[in-house]
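Please look through the structure shown here. The report below takes up its pocket, its metal sites and its annotated domain.

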Amino acid sequence: MKVHFLGTAAAEGFPNPFCLCKACQKARTLGGRNIRSRTSVLFDDVLKVDFPPDFFHHAIRYQMDMASVKDLLITHTHYDHFNPYDLYNRIEGFAHGIEQPLQIFGNDLAMQGLHQALPASQEHKRFAYHRVLPFKEVVTQTAKITPLLADHDQMETCLLYYIERNGKNILYGNDTGWFPEDTWEWLKGKKIDLAILDCTGGFNSDKRSRNHMCIETILEVQDVFQHENMLEENGQIIVTHFSHNSGLLHEDFVKAFQPHGIQVAYDGMIVYL
Ligand SMILES: [Zn+2]
Ligand SMILES: [Zn+2]
Ligand SMILES: [Zn+2]
């Protein structure tokens, strides 16, 4: 399976265009893997997670036509993950040659946002909406998905996804802090080929940080994975969704994670499972 990291930044992008902190200044000077757009991952060009404001940039930068995407999973409606107005470009008269509706899965707030942003006439033609619930498995065109509860925003049912496709199991784990107990319970006994985790924070003494993970939280999650034997033999952890507020650049994250065998995502990174 091809796993394409289209964007790997937290909400503000890295560098934050308005910010004069050391990390942002350095990222501007160094460029390369320090330049990050908002987080999204594309599996085999057909299954996409989240629809950030950098969607257009991703399509141009990676020279893709996004018409190949069949299923779109939304984790939550924060502006860095959900920009439904750009989906308007898929309606009849704007996009040509589209034969199937894009199947979109998300929580109730995402469904409401889609209904507000997109013309009702396009439902079933260019879009199909599916409200999903935590721990209720759904079979999509491209995968079997189970939404899991995140600990991210007390005002929204933010979701993570356990994705089963072509014999591989992926845990899509951002945005979230230390997983809620119900999510850990559900995960016990499951096998994971790839866990994609939220590393919004940098070094922080809190091993079980709320709302977002930091380096220590990721290592604590890895401990549980090992203890519970949850990773497949060649199972990997890849971290993403980085914020300049961590004060860390790409190489700093690599230094922190490499000794633990954890990969640091960057924009454009492709791994094959
Ligand atoms: Zn986010
Ligand atoms: Zn900054
Ligand atoms: Zn968020």
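## The largest pocket

Sort the lining of the largest pocket by class, and you get 13 nonpolar residues, four charged ones and one polar one. This is a predicted model. The pocket has a volume of about 340 Å³. Its lining counts 18 residues, and those closest to the centre are Phe55, Met66, Asp86, Asn89 and Arg90.

Which helix gives the most to this lining? Helix α2, residues 55–61, does, with three residues.

## A tetrahedral zinc site

Now turn to the zinc ion (ligand 2). Four residues coordinate this ion: Cys19, Cys21 and Cys24 through SG, and His244 through ND1. The distances run from 2.1 to 2.3 Å. In sequence, the donor residues follow the spacing C-x1-C-x2-C-x219-H.

The angles among the four donor atoms of the zinc ion (ligand 2) are 101 to 117°, and the site is tetrahedral. Ideal angles for four tetrahedral donors are 109.5 degrees.

Cys21 has 24% relative accessibility, so Cys21 counts as partly exposed. The cut-off for buried is under 20%.

## An irregular zinc site

The zinc ion (ligand 3) has another set of donors. They are His76 (NE2), His78 (ND1), His152 (NE2) and Asp175 (OD), at 2.0 to 2.5 Å. Why is the arrangement around the zinc ion (ligand 3) irregular? Because its four donor atoms subtend angles of 89 to 174°. A tetrahedral site needs all angles between 85 and 135 degrees.

The donor residues of the zinc ion (ligand 3) are spaced H-x1-H-x73-H-x22-D in sequence. His152 sits in the loop between β8 (144–149) and β9 (159–165), and Asp175 in the loop between β10 (168–173) and α4 (181–187), so the pair ties together parts 23 residues apart in sequence.

## Asp175 as a bridge

What does Asp175 bridge? Asp175 bridges the zinc ion (ligand 3) and the zinc ion (ligand 1). These two ions lie 3.5 Å apart.

Asp175 counts as buried, because its relative accessibility is 2%. His152 is buried too, with a relative accessible area of 8%.

## The annotated domain

UniProt, in an unreviewed entry, places the feature "domain: Metallo-beta-lactamase" at residues 63–226. Over that stretch the chain is 18% helix and 25% strand. The end C-alpha atoms of the stretch are 38 Å apart.

How values were computed
Residues are numbered from 1 along each chain as its sequence is written. Chains are lettered from A and ligands numbered from 1 in the order in which they are written. This is a predicted model: local features need pLDDT of at least 70, side-chain atom pairs count only at pLDDT 80 or more; totals for chains, interfaces and linings use all residues. Side-chain values use heavy atoms; hydrogens and water are left out. UniProt positions are given in the numbering used here, feature names are shortened, and annotations may be inferred rather than shown by experiment. Helices (H or I, at least four residues) and strands (E, at least two) are DSSP runs, numbered from the N terminus. Donors are N, O and S atoms within 2.8 Å of the metal (3.2 Å for Na, K and Ca); water is not among the atoms, so sites may look incomplete. Four donors count as tetrahedral if all angles lie between 85 and 135 degrees; four count as square planar and six as octahedral if opposite donors are over 155 degrees apart and all others between 65 and 115; anything else is irregular. Buried means under 20% relative accessible area, exposed over 50%, partly exposed in between (1.4 Å probe, protein chains only). On a 1 Å grid over the protein atoms alone, a cavity is a set of points where a 1.4 Å probe fits but cannot get out, and a pocket is an open set with protein on both sides within 12 Å along at least five of seven lines; lining residues have an atom within 4 Å of a point. Grid points are joined across faces, edges and corners, and a volume is the space filled by probe spheres set on the points. Ala, Val, Leu, Ile, Met, Phe, Trp, Tyr, Cys and Pro count as nonpolar, Asp, Glu, Lys and Arg as charged, and the others, Gly among them, as polar.
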